[in-house]
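Here is a set of questions and answers for a reader who is new to this structure. Please look at the sequence and the model first.

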Amino acid sequence: MLGLVIRLLLCAGWLSRSPTGPGATGYTLMPAASTGRQRSTKQRGGGGLTVAPAEDWVVRTAEQVRAEAERRHSGRPPTCASGISPSGPVHLGNLRELMVPHLVADQVRRNGAHGTADCRHILSWDDYDRFRRVPAGFDESFAEHVGRPLTAVPDPCGEHGNWAEHFKEPLRAALAELGVRVTEISQTQMYTSGAYTGQIITAMRRRSDIETVLVRYQTKRAADPDDDEPRAAAAYYPFRPYCAACGRDDTTVTAFDDDTTEISYTCACGAAIGPLPIAEVAGKLVWKVDWPMRWAYEQVTFEPAGVDHSSPGSSFTVGGELVREIFGGEMPLHFAYSFVGTSGSAKMSGSRGGAPTPADALEIFEAPLLRWLYARRRPEQAITLAFDAEVGRVYDEWDKLTRQVADGEADPLRQAVWARSAGTADGLLPATPRPLPFRTLASVADITAGDQVQILRIVRDLTIGDPVTSLAQVRPRLDCAQAWVTGYLTPQERTQVRAEPDAATLAALSGEERDAVKLLTEGMTADWSLEGLTTLLYGIPKLQRGMTIDAKPTDEIKKAQRAWFILLYQLLIGKDTGPRLPTLLLAVGQDRIRSLLTPGAA
Ligand SMILES: [Zn+2]
Ligand SMILES: [Zn+2]
């Protein structure tokens, strides 16, 4: 009955909706599966079961996943699945392939009474896929290995076991920092250990049934060398050997004996191998057969897919038929998730090659905040991660939500989203003990050029009511701010306090300007704090016009304030804009302010 309900929900499901128009944003879009699941470029998603939208999609999906697992194999935990091809740097778009199942698996785990409800979240490394091409930024000499399994390609840096491992390691570290608990499954390990031999023999014996299904969904496409589709001219085999002579998969199966399970193949390198028992032959099932085989093998309950892969004839649709007909399993519950784009990362992209990775993001965003950037969006909504000045605003939003949750002022949905960002079923993630505004810390890091002693002095001045006593209290946020300042601000955006007073400008000050500077240098000592300096800076133009310091500013006053601030920026840092002035003053310090603002004082 439940299965029927879920089936009916398909009609109103997400796949029929158009996703939040990612093309219209003008951001760099990263198709969520462009390095994850490379074979799936021939479309995935589409018909079959889907999970319904809800106000809290995580809770709703988790309930459906648990109920579906109970129906399929009562008493055993559900399995949520992610798949990543470690063929190149795993970028932030691919992180959604992990975060969506993670949030659902984590919710199932949270729902367990006293930890009774476990949920498996498998990360299937497609590391037995063929090396298709040398990614941008890597030596062209690796082209020699095209056609070999990713785990048979040498490590580009010399510190890892192989090519695949080189790209797995940073993602693995990022997942640990993000609290994403996964069970890793290496497809190389599975295939080479013989775990799938029974399934491979089944697929080979039933090749004509498989071919019938594939042909039914076949659509006309441009020729693709990696296409697994049956060719009219050749006999169809769903297994592609890795050549015993050259290690590449430029192979053609020439015979398979259903009774003895012996296979023969030839290779473009000239080798002719076999007949040999297929259990002794390296190779893998073609993608459209491999995927449903694994759904059945791992009993996958839930596996979402990138929205760019939802269409009829996709490997998801085809897999849905094959998993039942050939492997006696069931299709996972699934839905499509939308794109992840980035903005303001052009500088980094230029210097490191390619789109930013989760490790890059974790240098800038605290782990709970990065989780939140994924958790706060529904799967069908596109996500944009900004690395420019937006970073400060995102931190402010997160801090505001954190305060609202602490004060009991957040509505239940926002509170739930906060909770699944701040921690997991395993507990809260580490957070910055004294979360000063990111923008303030960035300014401090910028102005001091990272000098730890100076930073502590300023941070103490910024918190005089309850002073920060050690920089550990503002970490890791301080480190994120420091990394952002050095990695994402251009030299023009950086702040450099003048070494010498700007004598020419000082000499040319009008009487009114001279007066304003005097009001500042004489008044700042009275309340040397963020609040005191803010009031004074905004108040000086008012005082000069006979108003009180806390009077409501008129348009004329606002104009005067702007001119006054520009003058100060010019005198202190030689630009029209910069960090917030009160922060800047605190950072520069009283003596240096006096020397830079007073003619002849130096
Ligand atoms: Zn390496
Ligand atoms: Zn060969």
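This is a predicted model: local features need pLDDT of at least 70, side-chain atom pairs count only at pLDDT 80 or more; totals for chains, interfaces and linings use all residues.

Residues are numbered from 1 along each chain as its sequence is written, chains are lettered from A and ligands numbered from 1 in the order in which they are written, and side-chain values use heavy atoms, with hydrogens and water left out.

Q: What arrangement do the four donor atoms around the zinc ion (ligand 2) make?
A: Donors are N, O and S atoms within 2.8 Å of the metal (3.2 Å for Na, K and Ca), and water is not among the atoms, so sites may look incomplete. The zinc ion (ligand 2) is held by the SG atoms of Cys243, Cys246, Cys267 and Cys269, at 2.3 to 2.4 Å. Four donors count as tetrahedral if all angles lie between 85 and 135 degrees. The angles here are 105 to 116 degrees, so the arrangement is tetrahedral.

Q: Is cysteine 243 buried or exposed?
A: Buried means under 20% relative accessible area, exposed over 50%, and partly exposed in between (1.4 Å probe, protein chains only). Cysteine 269 has 43% relative accessibility and therefore counts as partly exposed. Cysteine 243 has 3% relative accessibility, so this residue counts as buried.

Q: What spacing do the donor residues of the zinc ion (ligand 1) have in sequence?
A: The zinc ion (ligand 1) is coordinated by Asp155 (OD), Asp155 (OD), Cys157 (SG), His160 (ND1) and His166 (ND1), at 2.0 to 2.6 Å. Aspartate 155, at 10% relative accessibility, counts as buried, and histidine 166, at 16%, counts as buried. Along the sequence, the spacing of the donor residues is D-x1-C-x2-H-x5-H.

Q: Within what arc do the buried residues of H2 fall, seen down its axis?
A: Helices (H or I, at least four residues) are DSSP runs, numbered from the N terminus. The buried residues of H2 include Trp57, Val58 and Thr61. The arc is that of the directions from the helix axis to the C-beta atoms. The buried residues line one face of the helix, because they fall within an arc of 165 degrees.

Q: How far apart are the end C-alpha atoms of helix H21?
A: The expected span of a helix is 1.5 Å times one less than its number of residues. Helix H21 (residues 555-573) has 19 residues and should therefore span 27 Å, which agrees with the distance between its end C-alpha atoms, 27 Å.

Note on methods: Four donors count as tetrahedral if all angles lie between 85 and 135 degrees; four count as square planar and six as octahedral if opposite donors are over 155 degrees apart and all others between 65 and 115; anything else is irregular. Helices (H or I, at least four residues) and strands (E, at least two) are DSSP runs, numbered from the N terminus.
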